[in-house]
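Subject: Structure handover and notes

Dear colleague,

I am passing on the structure below, together with notes on what was found in it. Please read the notes with the coordinates open beside you.

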Amino acid sequence: MRGNERDSTYEEASISLSGAVAMGTGVMIGAGIFALTGQIAELAGPLFPLAFIAGAIITGLSAHSYVKMSNTWPSSGGIAMILSKCYGPGAITGGAALLMALSMVIAESLVTRTVATYLLQPSDITSGPLVPVLAVGGILFAFLVNIAGNRSIGMFSIAMAVLKIGGIALFGILALWSSGFSFSEALQGNKDFGYTGSIASVALAILSFKGFTTITNSGAEITKPHRNVGRAIAIMLCVAIYLLVAFGVGSSLSIDEIIRARDYSLAKAAQPALGQIGFMLTVVLAVVATASAVLASVFAVSRMLAMLTEMKLIPHGHFGMPGPIQKHTLVYTVVIAAILAVFFDLSRIASLGVYFYLIMDMIIHWGVFRYRREKTGAKPAILISALVADAVVLIAFIAMKLQSDPIIVATGIGSAVLLMGLERIYLHTWFAELEDAHSH
């Protein structure tokens, strides 16, 4: 596919720049604030807002690879296209693309299980069968909206993003105002937080920003993608919202209280500042945020799986289902997300997402640096910086989890290795010759 052509396998672009921004911020803010704030505080301690800043810096470096590649080759498959252009249609491309797809599916499970936890807080229910039942219900809702088509997705994403961003910003402002704009509560606590934990917390912060990949995965659907893909990645908007809320939570709760309320920290923080009404409004806000986040993620990952199928990088079974491949991959996406939401808790879901995403991200950066930096105009220094930053953060995260949950480390890393191995067996080669020669 030539640099100035669209991927003709998929339907014509119908998502505006504003719709693309809504989709990206929908995934970022939905997962980052509601699901991960408490987990980040648990690792980083009182200075947990700084993890969001560090995560934003690393994400900004990482976005360079994706934007440069997507501007050159807009595609509905996004990550799959980037990998294919770097490594050819072999097991490296197929395996890394599946890691990305799984990290996106994990994000769907993460935010739906989060909203289930928030919904059940008024009843003091923190576990039990109702949590996964409500999570699966949220995933099915996203499936039904996706079936309605691209126009419905774009309009719904914009409406939800406006409500969510405005509501979350209002929460942060009111929480800070109620505390007299003081961050003293979060500084109280007896636990000693080390450097390793602070660095490891950045891995979760990076995961909270990974919604920008949703935009690159929908490149062919975005109007004027050569110009709008990069413009749609609104990282600074997310940073501002994250910091506002992080300081709002820290002004209302001590670090020990944030950790105890890890899975519903925003709702807990709303009580001292806004009372029971604020608590309930935060729960409603979590529902809105999760709806847009899951919707955007399901939309993007189903397109990428469809592209992998068309490229013959993964096997495909119809299982008697009618309609095009995209509809089938949509079903696969929601089924896998539902299974994860049922069998894994929030901490383990987030850990799996970190492993899969950062491994895939490093493969992307190396591929662009090694094969495509001249063709795309990518800056070598930025590519290497992103690669090294990912590696440092991943190593620190693994070191922390080996102490607290070695099983999930073995599950995550082992699953990534197994997936790459199965792709190698299926495709019989790690690398394959490209349609166009690499530019050096």
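The structure holds one salt bridge, the term being used for a side-chain nitrogen of Lys or Arg within 4 Å of a carboxyl oxygen of Asp or Glu. The pair links distant parts of the chain, since D405 sits in the loop between α16 (380-404) and α17 (406-427) while R348 belongs to helix α15, 57 residues apart. D405 and R348 form this salt bridge with their closest N and O atoms 2.8 Å apart. D405 is buried at a relative accessible area of 13%, whereas R348, at 28%, counts as partly exposed; here buried means under 20% relative accessible area, exposed over 50%, and partly exposed in between, with a 1.4 Å probe and protein chains only.

Before going further, please keep in mind that this is a predicted model, in which local features need pLDDT of at least 70 and side-chain atom pairs count only at pLDDT 80 or more, while totals for chains, interfaces and linings use all residues. Residues are numbered from 1 along each chain as its sequence is written, and side-chain values use heavy atoms, with hydrogens and water left out.

As for the overall picture, the chain contains 17 helices and zero strands, where helices (H or I, at least four residues) and strands (E, at least two) are DSSP runs numbered from the N terminus. Of the 440 residues in the chain, 59% are buried. Among the contacts with a separation of 6 or more, 84% are made by residues 24 or more positions apart, a contact meaning heavy atoms within 4.5 Å.

The largest nonpolar core has 125 residues, and those with the most contacts inside it are F34, F48 and M360. Helix α13 (residues 265-310) supplies the largest share of this core, with 18 residues. Such a core is a set of buried Ala, Val, Leu, Ile, Met, Phe, Trp, Tyr and Cys residues joined through side-chain atoms within 4.5 Å. Once its neighbours within four places in sequence are left aside, M360 is in contact with Y66, I79, A96, L99 and M100.

I106, in helix α5 (residues 91-120), is buried with a relative accessible area of 4%. With neighbours within four places in sequence again left aside, I106 is in contact with L340, I349, L352, G353 and F356. The C-alpha atoms of I106 and F344 are separated by 10.0 Å, although the two residues are 238 residues apart along the chain.

Two helices deserve a separate word. Seven of the eight residues of helix α2 (residues 37-44) are buried, so this helix is largely enclosed by the rest of the structure; after α2 comes G45, whose phi is positive, near 80 degrees. For α16, the 25 residues should span 36 Å at 1.5 Å a residue, and the end C-alpha atoms are 37 Å apart, which agrees; the expected span is 1.5 Å times one less than the number of residues. The buried residues of α16, including L383, D390 and K401, pack against α2, α3 (49-72), α8 (195-209), α15 and α17.

Turning to the aromatic rings, those of Phe, Tyr and Trp (its six-membered ring) pair if their centres lie within 6.5 Å, with planes under 30 degrees apart counted as stacked, over 60 as edge-to-face and the rest as tilted. By this rule the count comes to five aromatic pairs. W366 and F369 form a tilted pair, at 5.7 Å centre to centre and 35 degrees between the planes. Both residues lie in helix α15 (residues 346-376), three residues apart, or about one turn of the helix. W366 is partly exposed at 39% relative accessible area, whereas F369 is buried at 19%. R373 lies over the face of F369, at 4.5 Å from the ring centre, a charge being placed over a ring if NZ of Lys or CZ of Arg is within 6 Å of the ring centre and within 35 degrees of the ring normal. Elsewhere, ring pairs link F52, F209 and Y242 into a cluster.

Finally, there are backbone angles to look at. K312, in the loop between α13 and α14 (325-343), has a positive phi of about 60 degrees although it is not a glycine, and at 63% relative accessibility K312 counts as exposed. H428, in the segment after α17, is likewise not a glycine and has a positive phi of about 65 degrees; at 64% relative accessibility, H428 counts as exposed.

With best regards
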